[in-house]
Amino acid sequence: MTQGAHSPFSGPSDLHLHSNHSDGTEPPAEVVRQAHAHGIRTLALTDHDRTTGWVEAGDAAVALGMTFLPGIEFSARHDWRSVHVLGYLFDPADPGLVAETDRIRTDRLGRAERIVRNIARDYALDWIDVLAQTTPDATVGRPHIADALVARGIVRDRTEAFDGILHPRTGYYEPHYAPDPLTAVRLITRAGGVAVIAHPVTMGRDRMMPVSYLERLIAEGLGGLEIDHRENTEDGKRMLRGIAAEHDLIVTGSSDYHGAGKPNLPGENTTSDEMVARIIDRATGTPPRYP
Ligand code: AMP
Ligand code: FE
Ligand code: FE
Ligand code: ZN
């Protein structure tokens, strides 16, 4: 196990989990307990576009003898593609990063209201139904609208909502503001963090951002790729392993746990000790919390 002198953590490590500060269904401390129950000993909380879960998750992790890596999943877009950029161990007070994540979250709120207005033309759904599914300042997204549709008895679960009413092609969808991935990578990196592209090939290798653009991100400080993720396609993973080897990138694996919101379970994919150590050694923004 290659661990730096400053990295007294132990695996297994899961570096991508969500709480109810975004679209997970459980509070941060419960996410940590679930990860621990599934054998995880080092974890990162990566709520969409916000960092407010860090303290609760960190406290819970340390109390259970686990190591906690503060993180985020930044909502970016390249052309028509939604691109998620994971950030680890950055300074959460960095003004540029705070301004951008504030802007994304604010626009997500108006966008969710627009989607609900569209849906309300055909279904009995009100904005208040969505508010009832969120915690006070959660990053609001389609999953909360899905939960409201479930509560109203219109669909059975989030999956049915995403396959139908919430699918971009069904006609109710609205986009939200999102910076390009280069902006996200720069903000995370300049805030002392390590940027990793989340699940880059969920739509297959041919629909991934162009490799030339990925190489531009690498030149601007991108640290790694999340390859072991249930939604990455097999041929996409093979291609990404080649790119990672060529550019000596960090390679991660993780569950993308969302509580009851998705079937993903903590630890279903993990990141090697060597790669966790590389993230910790590279970051300068915020240290991990150790037990
Ligand atoms: P949004 O960012 O508001 O467009 O919503 C996208 C989020 O919905 C992603 O972060 C996923 O966590 C979640 N999501 C996407 N597809 C599904 C699905 N089939 N079931 C549950 N959650 C999903
Ligand atoms: Fe999500
Ligand atoms: Fe994601
Ligand atoms: Zn995620």
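Visitor: What distance separates the iron ion (ligand 2) from the iron ion (ligand 3)?
Guide: This is a predicted model, in which local features need pLDDT of at least 70, side-chain atom pairs count only at pLDDT 80 or more, and totals for chains, interfaces and linings use all residues. Residues are numbered from 1 along each chain as its sequence is written, chains are lettered from A and ligands numbered from 1 in the order in which they are written, and side-chain values use heavy atoms, with hydrogens and water left out. The separation between the iron ion (ligand 2) and the iron ion (ligand 3) is 5.4 Å.

Visitor: Which distant parts of the chain does the pair D23 and H48 link?
Guide: Helices (H or I, at least four residues) and strands (E, at least two) are DSSP runs, numbered from the N terminus. D23 and H48 are 25 residues apart. D23 sits in the loop between β1 (13-17) and α1 (28-37), and H48 in the loop between β2 (42-45) and α2 (54-63).

Visitor: Which residues are the protein donors of the iron ion (ligand 2)?
Guide: Donors are N, O and S atoms within 2.8 Å of the metal (3.2 Å for Na, K and Ca); water is not among the atoms, so sites may look incomplete. Along the chain the spacing is D-x24-H-x209-H. At 2.1 to 2.8 Å from the ion lie the protein donors D23 (OD), D23 (OD), H48 (NE2) and H258 (NE2).

Visitor: Are D23 and H48 buried or exposed?
Guide: Buried means under 20% relative accessible area, exposed over 50%, and partly exposed in between (1.4 Å probe, protein chains only). D23 has 8% relative accessibility, and H48 has a relative accessible area of 8%. Therefore D23 counts as buried, and H48 is buried.

Visitor: With which side chain does the side chain of R108 make a polar contact?
Guide: R108 is in helix α3 (residues 95-120), and its 8% relative accessibility makes it buried. A polar contact is a pair of N or O atoms within 3.5 Å; within protein, one must be able to donate a hydrogen and the other to accept it, and residues adjacent in sequence count only if both atoms are side-chain atoms. At 3.1 Å, the partner of R108 is the side chain of D49.
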